[in-house]
Each structure stands twice: as structure tokens, then as C-alpha cells.
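Open the structure in your viewer and keep the sequence panel beside it. The stops below say what to select and what is found there.

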Amino acid sequence: NTRAEEMASWGWSEAQQTAFLNHQHTMRENQYQSLYKEALHQLILLEDKPVGRRLVGFTDTEITLVDIALLSEHRGKGIGSQLIRELQDRAESEGKALILSVTAENRARILYERLGFLVTKDGGMYLSMRWEPE
């Protein structure tokens, strides 16, 4: 559960948390399937153990980091940075922009900015960000 810390503050029972996460997962997967039919779904492994996932979409002009999530105990160790740099390298070699959307309060925004992403649209709750090869 990549949201364990956040959910702990809600005061919900384990059953409520499980029901919420199952519903949210189903809704998100349905949305991703309808919007990103050809997306690359990747399980992130560390020493052959799953530590997260990444979902990446491709068009002729852009690569979209649709979703990236790491289990909390694996955050802040450079794994996310490495995975994003790999996408930046691919975008650069293909002459494409790399885009993503992030909630405004998400700490990952700092990582994205450090890696050269710029905010292209502030939708209030969500920010659109873009990185382009030089």
C-alpha cells in the first residue's frame, strides 16, 4: 500500500481502508485502460521483490508518465529518480517531450522540478508538468 501513511491519519478501520483502496484501484485502472490503451505497465523490482509500479504512455510526440508509485519504505532512495531519468533518456533519444500530471501537494513535485520539469498548467488540484530535451 503506497498510501499507508496518508490513510493512517484518517482514523478508518482496516476494513474501511481496504474497501476504499479496492474501489480506488478499480476506478483508476478503468480510467487508465480507457485513456492509455497502449501504455506500458511495469512492475518495479528491487532484488526480485516488487517495490512499486510505473505506467507509461507513448504518442508520436510525447512520452507520458501516467503513474509511478513506490512503497513508502523504498522512497527517497533514488529509485524514482533513476526511473524518471531513464524516461528522460528515452525521450531525448526519440526527440520527444516527457509529460506528467501531479497533485499540487504531492512531495514528488519537488523531485520532478529537480529533474527539470516545468509546470505548464496549474489546474488547482493538479499540475501539468513537462520536460523537453535540450
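Start by selecting Ser81, which touches Leu111, Arg114 and Leu115, not counting residues up to four places away in sequence. Touching, or contact, means heavy atoms within 4.5 Å. Ser81 sits in helix H3, and at 9% relative accessibility it counts as buried. Buried means under 20% relative accessible area, exposed means over 50%, and partly exposed lies in between, with a 1.4 Å probe and protein chains only.

Some notes on reading the model. The model is predicted, so local features need pLDDT of at least 70 and side-chain atom pairs count only at pLDDT 80 or more, while totals for chains, interfaces and linings use all residues. Residues are numbered from 1 along each chain as its sequence is written, and side-chain values use heavy atoms, with hydrogens and water left out.

**The whole chain**

Now zoom out and colour by secondary structure. The protein chain has 4 helices and 6 strands, in the sequence pattern α-α-β-β-β-α-β-α-β-β. Helices (H or I, at least four residues) and strands (E, at least two) are DSSP runs, numbered from the N terminus. Of the 134 residues of the protein chain, 32% count as buried. The chain exposes about 8,800 Å², and carbon and sulfur atoms supply 50% of that area. Accessible areas come from the Shrake-Rupley method with a 1.4 Å probe; for residues, only the protein chains shown count as cover. Among contacts between residues at least 6 apart in sequence, 44% join residues at least 24 apart.

**The sheet**

Select the 6 strands together. They form an open sheet in the order S1-S2-S3-S4-S6-S5, with mixed pairing. Its edge strands are S1 (40-46) and S5 (118-122), each of which pairs on one side only. Two strands pair if DSSP finds at least two bridges between them. On average, neighbouring strands of this sheet are turned by 30° against each other, direction ignored.

S5 and S6 (residues 126-131) pair in the antiparallel sense over 4 bridges. Pick Val119 there: its bridge partner in S6 is Met129.

S1 and S2 run antiparallel and are joined by 7 bridges. Here His41 has Leu55 as its bridge partner in S2.

**The turn between S1 and S2**

The hairpin has 2 residues between the strands. Phi of Glu47 is near 55°, a positive value in a residue other than glycine. Asp48 also has a positive phi, of about 65°, although it is not a glycine. Glu47 is exposed, with a relative accessible area of 73%, and Asp48 is exposed at 72%.

**Val56**

Move along to Val56 in strand S2. Is Val56 buried or exposed? Val56 is buried, with a relative accessible area of 1%. Show its contacts: Val56 touches Ala39, Leu40, Gln42, Ile63, Thr64, Leu65, Val66 and Leu87, not counting residues up to four places away in sequence. Val56 and Ala39 are 17 residues apart in sequence and 5.4 Å apart in space, C-alpha to C-alpha.

**Helix H3 and the cores**

Select H3 (residues 79-94), which lies across S1, S2 (49-58), S3 (62-70), S4 (97-103) and S6, running at about 170° to S3. Axes are lines fitted to C-alpha atoms, for helices over the stretch in contact, and angles run from 0 to 180 degrees between N-to-C directions.

Next, show Leu65, Ile84, Leu98, Leu100, Tyr112 and Phe117. Of the 16 residues in the largest nonpolar core, these touch the most other members. The elements that give two or more residues to this core are S3, H3, S4, H4 (108-114) and S6. A nonpolar core is a set of buried Ala, Val, Leu, Ile, Met, Phe, Trp, Tyr and Cys residues joined through side-chain atoms within 4.5 Å. In soluble globular proteins, nonpolar side chains tend to be buried together.

Centre on Leu100, which touches Leu65, Tyr112, Phe117, Leu127, Ser128 and Met129, not counting residues up to four places away in sequence. A second, separate core of 5 residues includes Ile44, Val51, Leu70 and Leu83.

**Last stop: helix H2**

Finish at Phe20 in helix H2 (residues 14-35). At 25% relative accessibility, Phe20 counts as partly exposed. The C-alpha atoms of Phe20 and Met7 are separated by 10.0 Å, and these residues are 13 apart along the chain.
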